[in-house]
Amino acid sequence: MIRLTRRYRFSAAHRLHAPALSEADNGALYGKCNNPFGHGHDYVLEVSVRGPLDPATGRAADVGALDSLVRREVLEPLDHQDLNSGVPAFAAAIPTAENIAIEIRARLARQWPRAFPGEWPRLDRIRIYETKRNRFDLYG
Amino acid sequence: MLITRRIEFSASHACRNPRLGEDENRAIYGLSANPHGHNYVLEVTLEGEPDPISGMVFDLKRLKDILTREILEPMDHRFLNREVAPFDTLAPTAENVAVEVWRRLEPHLNFNAVRLHRVRLYETEDLYVDYLGETP
C-alpha cells in the first residue's frame, strides 16, 4: 500500500463570526478573526490518497486525475474568493479551517467515483495549513 | 519512538514501462515519459526504544553511512532507467523508487530493538509518497 500526497495552494478571505453568539461574545471568542471587514490567508492544502501499487503503471494514483479533480472541485471555487459570501457552504458553516477541511472532503468525495471509478485509490487525509503555524488534519 | 533522517539526491528518469509502446507510455505518463530530473528528498524513519546505555534509538551516524552506501552512491546523479536496477525493466515512478529504497534499506535496518518504519520520498515539494512496507 502506498500513500501519495499532493500539495496545492489557494488564497481566500474569511471572517469568523458565529450568528448564534452576541457581538461581544464573537469578539471574545474569535478576537482579530472576527474583524467585520474580514481577513485572508494563503492556504496550503495537502490531499493524501492511498492505494496498492498498480504493477502495470508503477503508480498508486493517477496524479493528473487527482489534479483535475482538486482544481475543478476545490481550487477554482475557493481560490481568490471571500469564503463567507462566495462559497454557499459557508453561508451556514463558519469558515474555520476545520470547516474548510470538511467542505473540501465533501466536495472531493462527491466527485470521487467519477474521477477514480475503481476500488482504489481512496481519499486518506485532507491537511490544511492556514498559516505556517496552524495545521489541521482530517482523516478518512 | 520514531527517528527520521533526511537525505537529498538528484537523478534523472523517464516514466516508461518498457513493455509498453510509445503511445501507451505517453497516454499513461504524459510529459513524465520524457527524460527529466528531480531533486529527490528522502526521509527514512526508524521505530524503536532508546537504548538504556547510549540513550539513542539508533546511531544516526551509522544510519547516514547506510543511506550513503545503499542509496546515495548508487542513485545520486544517475539516470535511473539506465543505471539503477530494477528501473531498466520497471518505470521509476515515485512509488516504485520508494519501494526500491525500502527493499535496499530494510535488510540493514531490521534488528530486535529497531526497525525500518517508513520511507517518504519527495519527488518535488508538492508531491510525496509514503511506503511502510507490505502490511499483512
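Visitor: What share of the contacts in chain B with a separation of 6 or more comes from residues 24 or more positions apart?

Guide: Such residues account for 68% of those contacts. Two residues are in contact if their C-beta atoms, placed from the backbone, lie within 7 Å. This is a predicted model, in which local features need pLDDT of at least 70, side-chain atom pairs count only at pLDDT 80 or more, and totals for chains, interfaces and linings use all residues. Residues are numbered from 1 along each chain as its sequence is written, while chains are lettered from A and ligands numbered from 1 in the order in which they are written.

Visitor: What is the mean pLDDT of chain B?

Guide: The mean is 96, and 99% of the residues of chain B reach 70 or more; pLDDT is the predictor's confidence in each residue, from 0 to 100. For the complex, the predictor gives an ipTM of 0.89 and a pTM of 0.92.

Visitor: Which pattern does chain B follow along its sequence?

Guide: The pattern reads β-α-β-α-β-α-α-β-β, with 4 helices and 5 strands in chain B. Helices (H or I, at least four residues) and strands (E, at least two) are DSSP runs, numbered from the N terminus.

Visitor: What joins strand E1 of chain B to E2(B)?

Guide: Two strands pair if DSSP finds at least two bridges between them. Strand E1 (residues 2–13) of chain B and E2(B) are joined by 12 bridges and run antiparallel; Ile3(B) has Leu46(B) in E2(B) as its bridge partner. E2(B) also pairs with E4(B) in the antiparallel sense, over 8 bridges, and there Leu42(B) is partnered by Leu121(B) in E4(B).

Visitor: Why is helix H4(B) described as largely enclosed by the rest of the structure?

Guide: A residue is buried if 20 or more other C-beta atoms lie within 10 Å of its own, exposed if 12 or fewer, and partly exposed in between, with C-beta atoms placed from the backbone. In H4(B), 9 of the 12 residues are buried, so the helix is largely enclosed. Among them are Ala94(B), Val99(B) and Leu105(B). The buried residues of H4(B) pack against E1 of chain A together with strand E2 (36–48), helix H2 (60–75), strand E4 (114–124) and E5 of chain B.

Visitor: What makes the span of H4(B) agree with expectation?

Guide: The expected span of a helix is 1.5 Å times one less than its number of residues. The 12 residues of H4(B) should therefore span 16 Å, and its end C-alpha atoms are 16 Å apart, which agrees.
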